[in-house]
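Here are a few notes from my pass through the model. Have it open alongside and follow the points in order.

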Amino acid sequence: MTGRPASRAAIIAAIVRKDFKEFSRDRLYVFLSALMLVFFIGIFWVVPSTVDESIVIGIYQTGIDELGMLLQQEGDESGGLELVPLASEEDLKGVIAGDLEAYRTVGGDIVTRDEEAGDEKPKDAERVRVAIGIAFPEGFAGPAASGVGTAVTVYSDADVPPEIQGAMKSLVRELAFSIAGHPLPVELPAADTVILGQDRAGNQVAMRDRMRPLFVFFVLMMETFALASLISSEVMTRTVLAVLVTPAKLGDVLAAKTIFGTLLALSQALILLVAVGALTAQNWSVLIVAALIGALMFTAIGMMVGAAGKDFIGTIFYAMLFVLPLAIPAFAVFFPGTASAWIRVIPSYGLIQTITGVSSYSEGWADVWPHVATTLAWVVVLYMAGLFVLKRKVESL
Amino acid sequence: MSSTRAFGLTRTSKGFSLTRTLKVFKKDMAMGPRSPFFLYALVLPVAMTVILQLVFGTLFEPKPRLGLVDFGDSAVSAGARAIEGIELTFLDDVETLKRQVEANDLDVGLVLSADFDEAVRSGGKPPLELYIGGESLASTRIVLDVTALDLIRAVEGSVPPVVVELVHLGDAPSLPISARLVPLIMMYALLIAGIFVPASGLIEEKEKGTLTAMLVTPVRASEVVAAKALLGFVLAFVMSVVTLVLNNALGSRPLSLIVVVSVAAAFSALLGVVLGAAARSVTALFTIMKSSGIILIGPVIFYLFPEWPQWIAKLFPTYWMIDPIWQVALQGAGLGDVWVKVAIAVAIGVVLAAIAGVLAGRMAEQVAGE
């Protein structure tokens, strides 16, 4: 009866164990947590890992070696043009109109296929989709070189954006000027002076990589729901009061909830980061710290929501009120350029920027520490608010 | 004992009463705004329209972004303004331009000195002050580069030794992504207003015991279910119309639109009461919705990707309620064009109504058993 009193750590550990047991009994959240994890990991590996940044142009031209060389040179230099030479103007029109299919063989040759005519699909060949093309008339170079006007037709699918249609017309004119020996009326700058920032042409950040912070966010969000649901049910059923009858103090309960929520969210975030190949020998420390800070942030929100929610619907409703604004920076990553000022003050912005910078742009502590510091400051504010709200709620029971 | 007696009382009220149904409906309308789902139903279409149209509409169809600093009144600026499909930003100083290009706020930046046009015309070959963002796509760089050079050639006044003719092939342009997002927003409006509101309302009545209390009165279980369906129908219809208005997708045939939206609202409301009558708790409803969500949402994904085999969409039951709306509101179709699909939706609705009737009877028996 008068055994040695349990230490605070032992009490907290006992409450954490109870919470994990309770969580594992809630089949809905266990199911959803596992489902979302599998779903996000699956989606990540399905999304393309490269960015297609070239315009595919069908070309029909005969006997104009100079033109072919010029076009090829433009394509090779920029990496933004993929040329698809076609055997006839009719083939070019057919491929763009969708009546014919174009395939590139292993040897690099282009073959066309008329499916309706019963043509077999070429073996070991990759389908090339051509939406715009240029048909140069025979002997185009001669009149062009002598400055005599000649006609060139640009064929375009109606869905091709107007700026690309316009650019193709401009390209043809520029080629004609070039063949005619008409130099540019301006002095072009050196290539290395015009690129600002890291040149990522051919090495763009893929959609898959941009999705990483969003997936981490969703996993953390899911655990917010789980923690909030657990807290609200304990508050509503007054289990928390039963716990306080034991030697456990309110501080122990709050500490246990913090540890439980953080461990739950952190473990899943880390599983996700490992499964999507984000953790490397160089970045693991930053990413683990970022995941820990994120887990603490969402634990704090889970405490507030759990204290406010009266039932399942109420919990979902209040959680969405918090979570939706926090999701905005995760979506903002998909857009090029600087996020608006109002997005930069959202608490999750620093967290998302840290994960993006480290996992997609190979940044390190030196680059992301301001984001980590800002997020940490937000976590302190949110955690204090979460503790205060939950403490008040328990005391009011 | 009392509940059994109470249920006995309900049996004395013969037949289905529209008056009693409307009374329950009136009560639900008065109590509805207290439910988070009711509020969601009102807010969600507006929020989704804003998020999807303003945010994702531009994400899927990004335009090349050209920044210009024009110290004179260059004809290049005037020409750039007239070009379709390029997002043009005029800035006052070179440093801001360079900063924005480096931050990927612009793809390409062009600086035109005060005497740029004069120098080009006189053959002075002025240096081209052009900046390219490191993160801009190679295709975007080409588009902006050749477009800028073409504009400068025009300033030079040289006649190109070629006439370029643009010929469009294939079908008419497909609808923009902003239009193809409308079925997705519509589906969510129907899901929340038509399915979640009546389903959660019915479950709440069961969980809180108010259903038992209502059945003490002459109200029948089928009338409670009908009232919930009516609430779902009204809310789904109103929010569908609001969604179409917000997305500027009312089409040109209002009568046809009213018919197809009514069918979709009724379809979703009937599905809502079936789920509400079948699920024992809100948690169970969420589990059902989470696990079957893809079946409900599935068909709208096919509008976003027209190159996918569209026949697959027809395998989803909700296709038959959403496609007539798509056809009438966005493709200019009339009832004559979509009547087969509407008929299939009505047929599914009749089946759902029958199931709802059976479940209402079972629900009443359960209440009596308790």
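1. Start with A:Val56: its bridge partner in β2(A) is A:Glu82. Bear in mind that this is a predicted model, so treat the pairing as part of a prediction. The two strands, β1(A) and β2 (residues 81–85) of chain A, run parallel and are joined by five bridges.

2. β1(A) has another neighbour to look at. Four bridges connect it to strand β6 (residues 132–135) of chain A, again in a parallel arrangement. Here you can pick out A:Tyr60, whose bridge partner in β6(A) is A:Ala135.

3. How many of the six residues of β1(A) are buried? Five of them are, so the strand (residues 55–60) is largely enclosed by the rest of the structure.

4. Now over to chain B and helix α2 (residues 18–31). This helix has 14 residues and spans 20 Å from first C-alpha to last, close to the 20 Å expected at 1.5 Å a residue.

5. Which residues of α2(B) are buried? They are B:Thr21, B:Val24, B:Phe25 and B:Asp28. These four cover an arc of only 105° around the axis, which puts them on the same side of α2(B). As background, an α-helix has 3.6 residues a turn, so residues three or four places apart point the same way.

6. As for what the buried residues of α2(B) pack against, look at α9 (182–208) and α11 (221–246) of chain B.

Definitions and conventions:
Residues are numbered from 1 along each chain as its sequence is written. Chains are lettered from A and ligands numbered from 1 in the order in which they are written. This is a predicted model: local features need pLDDT of at least 70, side-chain atom pairs count only at pLDDT 80 or more; totals for chains, interfaces and linings use all residues. The expected span of a helix is 1.5 Å times one less than its number of residues. A residue is buried if 20 or more other C-beta atoms lie within 10 Å of its own, exposed if 12 or fewer, and partly exposed in between; C-beta atoms are placed from the backbone. The arc is that of the directions from the helix axis to the C-beta atoms. Two residues are in contact if their C-beta atoms, placed from the backbone, lie within 7 Å. Two strands pair if DSSP finds at least two bridges between them.
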